[in-house]
Amino acid sequence: MSETTTPPAVFTGQSITKAGTAFQPRVFKDNAARWVVWVGGLGVIAALLLIFFYLVSEVAPLFAPADFKSRPTYAVPGQGKTLYATVEEQGQIAMRVSDTGAVTFFDLNSGAVRHAQQLALNGLTVVDVTEVSAERGELAASLSDGSILQFSHNYDISYPNDKQLITPSVRFPKGEAATAFMPEAAQNLVVRENGDSQMLFGVDAAKSIHIKTFSRSENAITGETTVEVAGELNFKPAVAADLLLVEPLLAWLYVIDQKAGKIAFYKLDGAAEPKLVEVKEAGSEISAAQYLSGGISIIVAQTNGKVSQWFPARDKAGEPYLARVREFDLPGDAKPTALGVELRRRGFAVGDETGRVSVYYATSKRLIHSEKALDTAVSQVTFNPRAQVLYTESVDGKVHAYDVHNEHPEVSFAALWGKVWYESYDEQQWLWQSSSASSDFEPKFSLSPLAFGTLKGAFYAMIFAIPLAVLGAIFVANFMSPELRQVVKPTVELLAALPSVILGFLAGLWLAPFIESNLPGMFLLLILLPVSVPLFGYLWLNMPARVRYLMPAGWEGALLVPVIALVTWFCFGVAKPIEAVAFGGNMQAWMDSTFGIKYDQRNALVVGIAMGIAVIPTIFSIAEDAIFSVPKQLSLGSLALGASPWQTLVGVVMPTASPGIFSAIMIGLGRAVGETMIVLMATGNTPVTDISLFSGMRTLSANVAVEMPESEVGSTHFRLLFLAGLVLFIFTFFFNTLAEVVRARLRKKYESI
Amino acid sequence: MTTTTLDLTAKNTQTVSAYVKSGQPYVWLTAAAISVCFIITVALLFLTAARGMPHFWPADVLKAEYAEPGQAAIPLLVELVSEEEVSTARLKSAGAKLDDSVPFHTRDLVKVANRDLLGADFRYLLDEWIVNRSYPEDVVVLERAEWGNFHGFIAEVKQDGKIVASGAEAWAAYQPLQVRANQLREKLHAIEDGDIGPINAGLEKVRLDGRRLALEGKTKESAPEAYAALDIRKAEFDARYEKVRIELAALKAEMKRDALVLKAVDGTVKELDLSQIIRAYRPNEMGLLAKIGTYFSKLWEFVAADPREANTEGGIFPAIFGTVMMVMLMSVFVTPFGILAALYLREYAKQGPVTQMIRIAVNNLAGVPSIVYGMFGLGFFVYFMGGNIDRLFYEESLPAPTFGTPGILWASLTLAILTLPVVIVATEEGLARIPRSIREASLSLGATKAETLWKIVLPMASPAMMTGLILAIARAAGEVAPLMLVGVVKLAPSLPLDSIFPFVHLERKFMHLGFHIYDVGFQSPNVEAARPLVYATSFLLVLVIILLNISAIRIRNRLREKYKALEG
């Protein structure tokens, strides 16, 4: 502020501001103090700003594009045509099964064969390979004589000389012998396991479907397993059976006619013949179809350059139908030739005839990445179980793999804010449901219901708080006697110090049950109070002057305390008889049956009141300051010209003070939006989008408080919670700054008057 | 300012239209608004006090019968908690069989206690069906270590399985035995906390030292003496533990000696070890003085004892301790840095638009939702800083985190950041109020800027700093949302301050009054039983915070007076 001036040298004989050659402790101290304050002060301010940058740094990866790093291209090792290819968990070794029955494990980087094993086929060939369990690496091969051979690919990890070594092997958990299934080779083999029984699905040359159920029992003493045929069924589907998809839970069956582009949707019914639900047109020829992870959605690659996602939904009558949920466009409308799905997320990759591979994410409807991987059409595309490696193979036998860094595919603007049609739902919805016990669960990351809940809570709180706080501020600043003001203002401001956890507790455990059993009283109070007060004013005016002069001027507020108490007592007293007469003794039941309004005990009304009480002191205090500091000459001038106090207030004081009141409301809004404990305790915390006064909500802040401790660090969920925090931060910071700027200008204005 | 003018127009406003035209109805409405605000404030304080404080009063126990029409009468031995008017329709929808002749019924909430026998402590009963009421003097209320209170009668007192007193003498015979049992229990706690704690800590240290050796690459072959030293230490602790274990076993056997045979009102007989009983009293025979005595003894237990039964009984001492310690740690962090930042902004920075922007930004940070600070604390302090500290200094205990998990240090740092704006703003305000003339006088007498600040400005601004600090403490003490992320737990096994080296355990989790309210009120299995305790806890917290705020306001006012004098 003020510069250190050189003092006259007469006092000490030496200047203290000019550092001489000798060590001068006072100068040193002065400089040291300056440095300490500079560094410390700037450090503290930097630390505060760090909050913002830290939040941004946690959120930023959500919007970073996925990273695909190419590995070398080489010719596919081993002989024969690839029927099945995959990459193990660590992304080091790939495995392929060819039509000759050769299982080849090779190094994904170089193509060098690590292990090769020929399945014992006795001269047969492999027609089709299907996954029995992708997690356990179990496969089933359909042989040319109609039998089935089951085997698994396993990877043992050891650490000789502290270096990781992966040893691949082929095992036969279901026995080395092939099981007879169909009289001729089974095309489109599907194997589903259900406890100890296995259900096999296959298509013969005449395009009819064979279903066979095996039950497996183990002899407890000898350890021998015996396999018995538990059921067998053949049927001719409504469309040509080119592709077959069976739901893992064995409820639905999809039969796909590739040429005609038709999907026949069947309901499986145990041993009985499947019932056709409907046949859908895809819109063009179908080149491939697969189940997405989770076993609910199927994706269908169409030759018109589209990939469509379908799953069973129910119509309004509750009847199931096959819903075409969303559609993905391939770049350049190329004809897709291969599909590959992620094992643990709703991601998939599509290879097309030009050799291009595109990676999509279903829920967020996002094209994550698209790249020309190969020179000829893609024949195989697959992910490793962690979805960190993408494997592509071309029809002319070239392999090209990628290291994939795709952490947050679930996030897109549409998925965060728009309505999304989630699996197992019958329509598009806004949903927030971040986690579940099962890994098959599709996370639902829509911030809309949370933002909606936040605004709803703040809205009702402001409706409650603004009239009370602003009108109260007007009276205290303008009409109240100074002695009373000295008591009332600090008392109301004390409310600001009340911890929100206590307000929340009272709201949840006292106010909510109270309102529930006194709902008519609440409404009655809402009507009667604003009516009775002016009425009392009128009565008071007509009192004999002797009585009126007992009250000093500016004590109206104090006079009203017993009036309000009396009205309140009266309202709650008569409410129950009224409820008994008008609403059959139970207003909630009456509302439900008459208007269909559902009543939650912890609802927006409770939150509005509790949070309103929390923001009243903030708004009151700032608004009162703004009104009180309106220069006195303005209002005195108005009064001197004959205006009534109310006219002076409306015509002179309020226009001058209104920016201050505006900033008070903004700051109150900021507090209501960020309030955590009250909404956490006084609402049911269900993320619904329902504006009703009688339903609950879940706010951004309460959501963070509930879910943050359980969230996995670095996951999409974790970062989305930080995004919620960032949104809150920016929102409140913006409104507070706005309010601050308005107030600063107002102060300047007052000074100039 | 315009207070007297209201009456100027009074004469011609006695008709309704004139009254409305004068604007007075609106004035009355504004008056009503402030009255409502005032009533809400006072009512909130009154509500917490009125609901929490009576809980410790040893209420009379009512003996009666509950005669539901068409069913056999059930004997009752209950405390009346509250009563309310409920409409017949609501009662019927809740399953009561009533006819519609009377629109309302009085419903009582009663504490039946005996949770082990009846399943629940509380019941709703219709007042009109409670008949044959009496208040027998020999009803005894037992506070137990488990299963909540017991209401009943003492039938016999047993020692080593033999009956030593029964009937009317039982109460008198029981009293000294309970004193003995309580002493034994205290002794047991003293051993568990004072002896076993350090032994466990020592054994853990030995284990970690062993892991450290292994991490340093020392094997039993390459460093035999180091491992031998470890073994010796371990054996030493084992021996000490064995000694304490024997002592404990003896004590426990001692405690098992006495028992009470109790009879519930429905005739069920129950035998209870005295070690299971915390306190017993006969409320119906107690005089006012005795009741007051019990009231304060229970109140003291509430403030000074550990919680029991999932926090729904007993005291809240660990929560008080945790709150106080966290707030003190926070003050240590926030005071110097807040003052430094304020000094920088007011005294050293060039006053211009940039400084003004920083000032507004800092000011506005006070309005950022506290949960955002909690997220910052969790992500930055706990995961980032704590994780790195663990990797550097506590490698031997990984993967179990030491500082890489929420704890009191991170909680107080988070709250320090949260309250920094409060301290900065208050201190700055104090600095701004010091008249320029005083500074100039100091400088003109030859003092350096640092000397002026240190000797003149800071002492004069100290009340402002105090105000800032007190406001910060008041805010921190009531803040819960960020703490839920950075270190608060519902039940901490040990305090962050104890007799085990290094005495202050900043990495430990802690309990907090505010979180205690949330947890017991909303996550507790027995909300009805816990509710009065939550009200009492709330009242305590409110009291502390209001006292802090009032003192801050008084300090601020005094400060203003002081500078008025200076300016004048």
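This is a predicted model: local features need pLDDT of at least 70, side-chain atom pairs count only at pLDDT 80 or more; totals for chains, interfaces and linings use all residues.
Let me start with the domains, where the assignment for chain A gives domain 1, covering 288-441, and domain 2, which is made of 448-516 + 598-752. The C-alpha centres of domain 1 and domain 2 of chain A lie 45 Å apart, and where these domains touch, nine residues of domain 1 are in contact with nine residues of domain 2. On the domain 1 side of that contact, we find five nonpolar, three polar and one charged residues.

Let me now turn to two helices of chain A. Helix 4, residues 482-497, packs against helix 10, residues 604-628, at an angle of about 135°, and their axes are 7 Å apart. The crossing of helix 4 and helix 10 is left-handed. Among the residues that make the contact are V492(A) and L495(A) from helix 4, together with I613(A) and F620(A) from helix 10, and by class the contact has seven nonpolar, two polar and three charged residues.

Finally, how many residues of chain A are in contact with chain B? There are 106, and they meet 100 residues of chain B. Helix 1 of chain A, residues 25-63, gives the most to the chain A side, with 18 residues, and that side as a whole has 66 nonpolar, 29 polar and 11 charged residues.

Key: Residues are numbered from 1 along each chain as its sequence is written. Chains are lettered from A and ligands numbered from 1 in the order in which they are written. Domain bounds come from an automatic or database domain assignment. Two residues are in contact if their C-beta atoms, placed from the backbone, lie within 7 Å. Ala, Val, Leu, Ile, Met, Phe, Trp, Tyr, Cys and Pro count as nonpolar, Asp, Glu, Lys and Arg as charged, and the others, Gly among them, as polar. Axes are lines fitted to C-alpha atoms, for helices over the stretch in contact, and angles run from 0 to 180 degrees between N-to-C directions. Helices (H or I, at least four residues) and strands (E, at least two) are DSSP runs, numbered from the N terminus. A crossing is left-handed if the near helix is turned anticlockwise from the far one by less than a right angle, and right-handed if clockwise.
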